[in-house]
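Hi,

Here's the structure I promised to pass on.

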Amino acid sequence: MAFPWTGGFDACQFGTMDLNGDSFDDLVVFDRRGNRLLTFLNDGIPGEISFAFHPEYAAHFPQMKEWVVFADYNGDGLNDIFTYSPGWAGTQVFKHLATIPPTFEQVVWPYLTSLQGGGYVNIIATNADFPAIFDVDNDGDLDILTFWALGTFIELHLNRSVEKYGHADSLIFEKTDFCWGRVAENEENNILYLDTCLFKNAIFQPEDGFRHRGATMLMHDFDHNGLPDMLLADVDYPGLTLLINEGTPNEAFITSQDTLFPSYDHPVHLFSMPVTALIDVNNDGKKDLLVSPFDPNPFVTENEKSIWLYLNTGTNELPHFELFTRNFLQDQTIDLGSGAYPVMTDADGDGIPDLIVGNHGTYLRSWYSNNTLHSDYESGLAFFKGSLNERGEFALHLVDRDFAGLKNLQLTAIVPAFADLDGDGVPELIVGSKNGQLALFQYNDNGNYQLNDARYLNIDVGEYSAPQFFDLDEDGITDLVIGAKNGKISWYKGSHEGQKLTFSLVTGFLGKVNVTDYNLSYDGFCVPHFFHDTSGHIRLICGSEQGKLFLFDQIEGNLDGTFRETNDWETVFGFPDAPSGLGMRSSAITFRLPGEKDIQLMAGNFCGGLQLFSTLKIPVAPGLTENWQSEALFFPNPTSGKTRLWKNFGDETVLCQVFNMLGKLVYETKLHSSESLNLTTLGKGVYFVVLKNGKKQYSSKLIIE
């Protein structure tokens, strides 16, 4: 993976800026799940998609909430920032200060206003709407299109900066049209009506009155007639509608609509309420189309294949978009859907630590009931096998997306923990979940984990149990601590019954820890992780609903008292401040790699990814085995290096690619059926072979002894 430790992606909006002064348009990604900003440098190679993750640039940006539009309002060639103003249902603006790296000055707060009637009032822009900020009348300053507060019609707020001052660097608006394009939205669904501006038409007025639920907009002249058209999406629906404008420069008039845009290729079908951006992704001078969910509800949207990239094979004047991938950026990072709860343990008993990651859930499907959108998810464990090369360098390889077969249990928000509970030297697996209970899995004779007890010890902490095994009272016996939705930690003291460990409740409010921020939510979603620092003292890190990682000390000898929250991150980890940019519902673990003394910190978040806060660079190989074939592709296997294609492809030629454990392509050739393959130059080890035959792909493990 090119950049495994981004933290994942869910519901993204996109913009460009020159971050490092090389004159290339770099990529800025805003994920509204936790209001995360991710920055990528563009290598600028013509015709290639070539980005490198550089999170250090994100620190130079202001805090943004819910939505952001990157657009140049003052005509200096640098994109400024328009973003949601929390609590005001409006827009605040930050001006680019023409620095490298970019820095910003807030120029509008709390909201943009527009002359409406007798005075200037807020231009309504809710967290459920993505406005169009675009030069609609082509006079050189940016105008605003947004839905009327009660829905149905689109308002146009023209910027009067050029008319009044002769330049574009002011933001002074006037509402000039309450029904832009003479198009109306049905308040019950995503149907649009053309050539109508009637307020009292019955089809626009349900029994409970007007109610606008949310929409996204993008303006561009798609048919090259000199007039701006609109791409529109509606909340709860997966598609895009292209509205074609054939009016005049002074009065838009929508005459036709493509409700399955782009109908000439693969129409967008992405739950829910896709938001779009036009960005030259592959450095060919033509703007491509990026699409991602915008719905404020994180429990109805696609989350693993949620960034669709359409490459522009036409021109900027007449674009033609062809679907290139449904997981742009996501295929080069750890992204497990929604939620990421890691634990580092030797899961396969080879003496090398592995990474096991639970998740809240991976998107499966969406459906409607009583005109309400619902979506289904499945939660499971991902197994990243750890390996050491001859130089002692540690790497991870994604082997299994359903470790221990937990997807069959239909649990939500799985949090794993491992401990030897029966004294046989083999760790058992405990998982917490949304139901607040614990499930016990034991290692069987077939080398797999199987469910032993769905309600282990009848433990129930309410909702969202997050377990960890740790000898908290330092009596030599492992204890059990469990975080919960209420923001608190329960402590179950461990004791022996013969060779077996059992646990009994001591307190449901350990250390008086409560990570709930009641200004934001009534829930804390505490995910605790106890560990020993380099001095041997017990510390506690807690993930939380708001994404903050809490660090506590004063734990030893104080288990019936109050733990102290501290900001002493530098002493423990070597960095001056707490990790930032984690997003919502964070989790964290610490670990030491073989041969390393320093404590490493890894964090997960609701976007389904992991962030590594460390000087170490741990490479991650992607899941080449996800399309694993039970049939033999080569024989012999294992081999000394010489083997033969065993699968019969008839007279066809297949592309053969060989990857090492780090996912690096080390050999490539074309083969016919029964053709020999000489890999003696690769050396001993485990490799992964991919055969590509047209649209079909086959993969298998190959061992060279």
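Searching the whole structure, which is a predicted model, turns up 21 salt bridges.

Start with Lys385 and Asp350, whose side chains form a salt bridge at 2.7 Å, N to O. This one links distant parts of the chain: Lys385 is in strand S30 (residues 381-388), while Asp350 is in the loop between strand S26 (341-345) and strand S27 (354-358), 35 residues apart. Lys385 is partly exposed, with a relative accessible area of 22%, and Asp350 is partly exposed too, at 34%.

Next up is the salt bridge between Asp475 and Lys493, 2.7 Å from N to O. Asp475 is in the loop between strand S36 (466-470) and strand S37 (479-483) and Lys493 belongs to strand S38 (residues 489-497), so the bridge ties together parts 18 residues apart in sequence. Asp475 comes out partly exposed at 35% relative accessible area, and Lys493 is partly exposed at 27%.

Then there's Arg564 with Asp553, again a salt bridge, with N to O at 2.7 Å. Arg564 is in strand S43 (residues 564-566) and Asp553 in strand S42 (residues 550-553), 11 residues apart. Asp553 has 10% relative accessibility, so it counts as buried, the cut-off being under 20%.

That pair also belongs to a network of salt bridges linking Asp533, Arg539, Asp553, Arg564 and Asp568.

Cheers

Technical notes
Residues numbered from 1 in each chain as written. Predicted model: local features only at pLDDT ≥ 70, side-chain atom pairs only at ≥ 80, totals over all residues. Heavy atoms only, no water. Salt bridge = Lys/Arg side-chain N within 4 Å of Asp/Glu carboxyl O. Helix = DSSP H or I, 4+ residues; strand = E, 2+ residues; numbered from the N terminus. Buried < 20%, exposed > 50% of the residue type's maximum accessible area, 1.4 Å probe, protein only.
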